[in-house]
Each structure stands twice: as structure tokens, then as C-alpha cells.
Amino acid sequence: MILKPSFEDIKVILHNIGRLIIGIGILMSIPLITSILFAEWSVSLDFGIGGLLSLGLGILLFSLFKSEKEISWIHGLVVASMSWIAAMFLGAIPLYLSGHFGSYLDACFDAMSGFATTGLVLIQDVNHASNGLNMWRHFMMFLGGQGIIVVGLTFLIRGTGGAYKMYVGEAREERILPNVIQTARFIWKISLVYLIIGTASLAVIGLIEGMAPLRALLHGIWIFMAAFDTGGFTPQSQSILYYHSFPFEIVTIGLMLLGTLNFGLHYALWKRDWKEPFRNIETITLFFSVMFIFTLTAIGLKQFVTYSGMAMFRKGFYQIISGHSGTGYMTIGARQFINEWGPMAMVGATLAMAAGGSACSTAGGIKVLRIGIFFKALFQDVKKILSPGTALITEKFHHLKDIVLEEKFVRSALLIILTYILTYTLGTVVGMFYGFPLYQAVFESVSAAANVGLSCGITSPTMPTPLKITYIIEMWLGRLEFMSIFALIGFIIAYFRGK
Amino acid sequence: MHKKLVLSTILFFILFFAAQTNSGAMSINNLIENAKSYDGKNVEIKGEAIGDTMIRGKYGWINIWDGTGAIGVWTKKEDLEKIQFKGNYKNRGDTIKVIGTFGRSCSEHGGDTDIHAKEIFIVNIGHKIEHPIDLRKVMWCAVLFIVVLGLILFNYSLSKIAEKR
């Protein structure tokens, strides 16, 4: 028998969503201040409306639905999944009011793409976008990369009672520090340190490469936010190709790699455990995966004879790191994937996107930890077959500590891998339904669900509305890694069919 | 007769200028879609100068956007210094015609798809873009501000009442 959620359950959920919405409203003050500083008065009104509407709705939910009931697992998961939808609808308001979007749905697409750190865009005429709008677009990625719940845990939620349950709902299982709020604060601390270093590096390069000082600084902030949070938005339509700068590419590769590392690994390095990256299953799997996929891509590019020598490395490696880290920065045009890369190199890029980065990082995709566990389990089974029947074969892996490979890890990893593959397939089928060839449909669907943002040209304001909605759902599913969304579906079913 | 001669001369110059500005300009999207066939060939594009002029020694970059796509143009420093307006939120950039060699994977610039300009003409000088304030947005802001303020005060008074109890 399914138990119908009580009104108290709904109150707990709405109260906490209200709290997070207040946070979104407050955070809109950053682009608001930016637009005021640059005398973009019309834009500041867009953020005034968006921010006040968020604050009003948040306060209303927060005060109307106060509850004494303690937050449970299902509450935490439903809050996590619904907060992202609320963030999308509210974050899209200033985007839509800017006049750069064909419809509110297009603005919602970019808002979800921003929060989920995907990087696919439907914005039009981005080259004439205001500083305030660009600040919000990139700041959404910074917030989404850390996690909306992490933002809430850091600044708005007191007590740890239900905090961990919401934190897990946002696809973050690892507690780097014993207390989940301390963990959330550590994630922010480390991100702010990198923000200062990354912005300064990019701004100095921009300045040396001929940009005006203020523009170099702004581009430094924005590109850092979308690189470290493996997002992929850029203030210009040509992505990173706009800068025509090798040093800029090198620094963004570094930032994308930092962003794709587990925050637990960052903590280990913070504590001067320099050996951890060389023992950790994630970094080892990531290294071998990048090498294998880049080799595959290089062979494909060589067959197609588009690039020669260093250019092949520069273009191929950049796109692969961008795809694998889940960023989506490009140093080629979208259509060049189709026209210049050839099928084998595109398979390489698709595999990189599908695999993704580390768990508990800002990256999306299946995640290298799960791929590592899958291969460990495979080796264990092969060893079992080759050993005498009485032999006890145990396999270990190192991920911040030595862990014995248990059935539950393998089962959990395989379930998520399978769910990702199903999601990739769903988007592919919808893409093919609208007439796109198989390999293009696969490429774009994987890019959306793995929160990457590389595009072969399907994503555009003129693409069919159901395909836009499909990609929004894929981005949401991919970012939250399914569990909290399945919990939300279960909660809705229980509400209507439970007793 | 004299009038006719003057008019014909003016007409000739107008047609000559129009021919200079529009002859053979292709869309950037068309160029990128057919990159293989245009690789290493002389091409002509026309579009808005956007973003930044990035001077690097005696040469530098300007990105040109024509509504179908954008591409980097590598040209002499003197040409870049002629550009008055670059497209951004506050400015419509100069419209520029570029004649140059297209490279789908330029060996000099790490495989970038670009154009090495031979000649650059400023067809139209850009201008400032006005962004008038929408009064409806001002009104919405004012209404929402009052509502939010009311909600905060209401919430505050409720919590005070609860504290007293």
C-alpha cells in the first residue's frame, strides 16, 4: 500500500523551497549591482523584477507553510528536485526580459542550461548582451556548479537535521568534512580561492592579448565561472575561439580540469596530501580515459585530414578535455564537428562527454568513479573465472581511502550508468524523430544529459519545441543524477494514488 | 548638359561604391559550411566588428559578425585602429568589408578558422545604441517592491506575536 503524503509533508517541502527561492532572489542582486555600475538602467529593472518576484514568492512559501515536522529523506529529495525547477523558472525571468530570447521557453532552456552547468544556448545576439545579463548567465553556472542546495546550506539553512538529505538530493553523497554544512562551506571556500586565482590569470592574459583592462577583467570573471564550474557559457558567440589565444586555451584547460576533480580530492590537496591524485581511482580512470579517447579522436582527425601537426593536438585535445570535463567550451565552430571532424573523431568527443568528470565535482556525465568501479568489478570477475573455485577474490580501490569493492558499489554504479544510457537514448530518439541524423542526435543528446554543452548545431532557437523540452528534462535529470527526480515522481504518484 | 554630366558622375560613383561594398560578399555561415572548398582562397565578407580589437604586435584580431555567424580576421594594426565602434551592448559596431585569404585550419594560428585580410573597408560607421527605459518595468518594480516590503513586515509581526505567546 502506498501512503499518501500528508499536508504536513507538503508544508515541509514548500517551506524549504521557499527558503531556497529567497536565496535566488538575494543572489540576483549581483547582476543587478553589475548593471547599475555600468549604467545599464533598463537591464537593472529586469533584475529588479526577477529578484523581487523571487523574494516575494520565497517569503510567501516560507511563511505560509511553516511546519514542526522534521525533514525526512523523501522531503529532502523532493526539495532538491523542485528547487531546480523553481530556479529555472525564476532565473529565466531577467533573461526573458532582456529581449535576447525568442520565447520564455528559450529563456528557461538557458536558465536550466546555466544552473545545470550545461552550456547549450538559445540566446540570440549574445555579442550585444549587457554586462548585467552576462554576469547573471555566468553566475548561474557558478551557483549551479556548487549546487543550489549547497548555496542554501551555506547561507540560509541552520542545523544539520535535514541538510544532508537535501544535499544528497543534489547528486552529492560525499561528506568531505564530518558536518554537511562545513562541507558546503568548504566547497565555497575552495571555489572562491580558485575564483581569485583563475580570474586574475585570465584577466592578465586578456590584457596581454590586447583587450581593454575592464573587458579583460569581466571576461576573466565570466570565463573562470563557466570553466571551473564546467559550464561553458561565454560572453561572445564564438566561445573560446573569440580570443584567438593559446595561453587563454591553456589556462581554461587547467580550470576545466580543476573543476572536474572531486571536491574531496581538492580537500586532500588542501591538506597537502600530494600522493592522493596518483592513487585515486577517479584521477587514474580520468587519465586513461582522456588518453584513450584522445587517441581515438586523433586517429579520426588524421583520417579526415583537417588539421596538421600541432593544430590537430590543439583542436582535438581542447575539445576532448572540454567534453570530458563537461564544460563545453569550443575552439571550433559547432558545424565543424559535422563537416571537419568526421565520424570517428565525433565518436571520440561523444564518448568523452558521456563519461564525464568526477563525482562530487561540478562535472556531469556518468562519472569516472563509476567507470572505474565497473572495470574493477570486471577484473574481479575475470580473476574469479581464472582462479580455483575455492579461492576468495577481493578487489580494493582507493578513493580518498582504501575501500573494499562490495556488491552494493557495483550495483549502484551500474544502475546509474544504465540510467544515463537510457537518458542519452531518449534524447537521441526525439532528435531523430525530428529528422536529425543518428550521430548528430546522439551527440547533442549526450551533450545535454551529461551537462556538457558542446553542440554540433542542433541546438538553436529554431529547433522544435518538444526537442527543447526534452533537452531541458535531460539537463535536469543529468545534473541531479536521477534519484531525487524519481523521488519527486514517486511523491506525486503517492499523493494521487496513495491511501 | 552640364547638370546631366554632374548627375551621371554622381550616379557612377554611387553605383561604383555600391558595387565595392556588396560585390561578392558571402555569408560567414556559408563560408564555414563549405570551408573545404574555400580553404586557401580569396574571399569577401561583410559584417559588424564586434567585441575587441586585439592588437598583437604589428597585426591583430577583430571578430566580424554578419548575423549568420562570426569569424576572426587577422589584419594590420593600422586597419584595426581605423575601427571606431565595436559591437557590444551600448554600441552597434562599424560595418566592415574584408577581402582576404580564408583558412579553415590556419597553420599560423594553431588551426583556427580565420581570414587573413588583404584589404579592409569601413562601409558604415557604427553608432551608440539607445536603450530607453520601459515604464511598465518601472511600474512592476515599484509594485513588487511594495508587496515584498509588506510581506517582510507581515512576517516580522507574525514572528513577534509568536514570540510573545
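Me: Which residues is Thr118(A) in contact with, leaving aside neighbours within four places in sequence?
Reply: This is a predicted model. In it, Thr118(A) is in contact with Ser113(A), Met141(A), Gly231(A), Thr327(A), Ser447(A), Ala448(A), Asn451(A), Val452(A), Gly453(A) and Met475(A).

Me: Where does Thr118(A) lie?
Reply: In a loop of chain A, between α5 (104-115) and α6 (131-146).

Me: Buried or exposed?
Reply: Buried. Thr118(A) has 0% relative accessibility, and the cut-off for buried is under 20%.

Me: What about Asp125(A), where is that?
Reply: Asp125(A) is also placed between α5 and α6 of chain A, in the loop. Its relative accessible area is 26%, so Asp125(A) counts as partly exposed.

Me: What is the phi of Asp125(A)?
Reply: Near 55°, a positive value, and the residue is not a glycine. Most residues other than glycine have a negative phi.

Me: What about the phi of His244(A)?
Reply: Positive as well, about 45°, and His244(A) is not a glycine either. His244(A) sits in the loop between α10 (213-228) and α11 (246-259) of chain A. With 6% relative accessibility, His244(A) is buried.

Me: Switching to the interface. How many residues of chain A and chain B are in contact?
Reply: On the chain A side, 48 residues; on the chain B side, 46.

Me: Which residues of chain A lose the most area to chain B?
Reply: Leu52(A), His128(A) and His244(A). Together they give 18% of what the chain A side buries.

Me: What is the area buried between chain A and chain B?
Reply: About 3900 Å². Carbon and sulfur atoms give 56% of that.

Me: How many salt bridges across the interface?
Reply: The rule finds six between chain A and chain B. One salt bridge joins the side chains of Arg56(B) and Glu209(A), at 3.4 Å, N to O.

Me: Which elements of chain A give two or more residues to the side that touches chain B?
Reply: Three helices: α3 (41-64), α15 (310-325) and α16 (336-355). α3(A) gives the most, with 15 residues.

Me: What's the make-up of that side by class?
Reply: The side of chain A that touches chain B has 22 nonpolar residues, 16 polar and 10 charged.

Me: On to helix α18 of chain A. What span should it have?
Reply: α18(A) covers residues 407-433, which is 27 residues. At 1.5 Å a residue it should span 39 Å, and its end C-alpha atoms are 39 Å apart, so the two agree.

Me: Which residues of α18(A) are buried?
Reply: Among them are Val410(A), Ala413(A), Ile416(A), Ile417(A), Tyr420(A), Tyr424(A) and Val430(A). Residues three or four places apart in an α-helix point the same way, because there are 3.6 residues a turn.

Me: What do the buried residues of α18(A) pack against?
Reply: Against α16, α17 (368-386), α19 (438-449), α20 (465-480) and α21 (483-497) of chain A.

Me: What follows α18(A)?
Reply: Gly435(A), with a positive phi near 95°.

Me: Last one, chain B. How many helices and strands?
Reply: Five helices and seven strands. Along the sequence the pattern is α-α-α-β-β-β-α-β-β-β-β-α.

Me: How much of chain B is buried?
Reply: Buried residues are 42% of its 165 residues. Of the contacts in chain B with a separation of 6 or more, 56% come from residues 24 or more positions apart.

Conventions
Residues numbered from 1 in each chain as written. Chains lettered and ligands numbered in written order. Predicted model: local features only at pLDDT ≥ 70, side-chain atom pairs only at ≥ 80, totals over all residues. Heavy atoms only, no water. Contact = heavy atoms within 4.5 Å. Buried area = accessible area lost by both parts, 1.4 Å probe. Salt bridge = Lys/Arg side-chain N within 4 Å of Asp/Glu carboxyl O. Helix = DSSP H or I, 4+ residues; strand = E, 2+ residues; numbered from the N terminus. Nonpolar A, V, L, I, M, F, W, Y, C, P; charged D, E, K, R; others polar. Expected span 1.5 Å × (residues − 1). Buried < 20%, exposed > 50% of the residue type's maximum accessible area, 1.4 Å probe, protein only.
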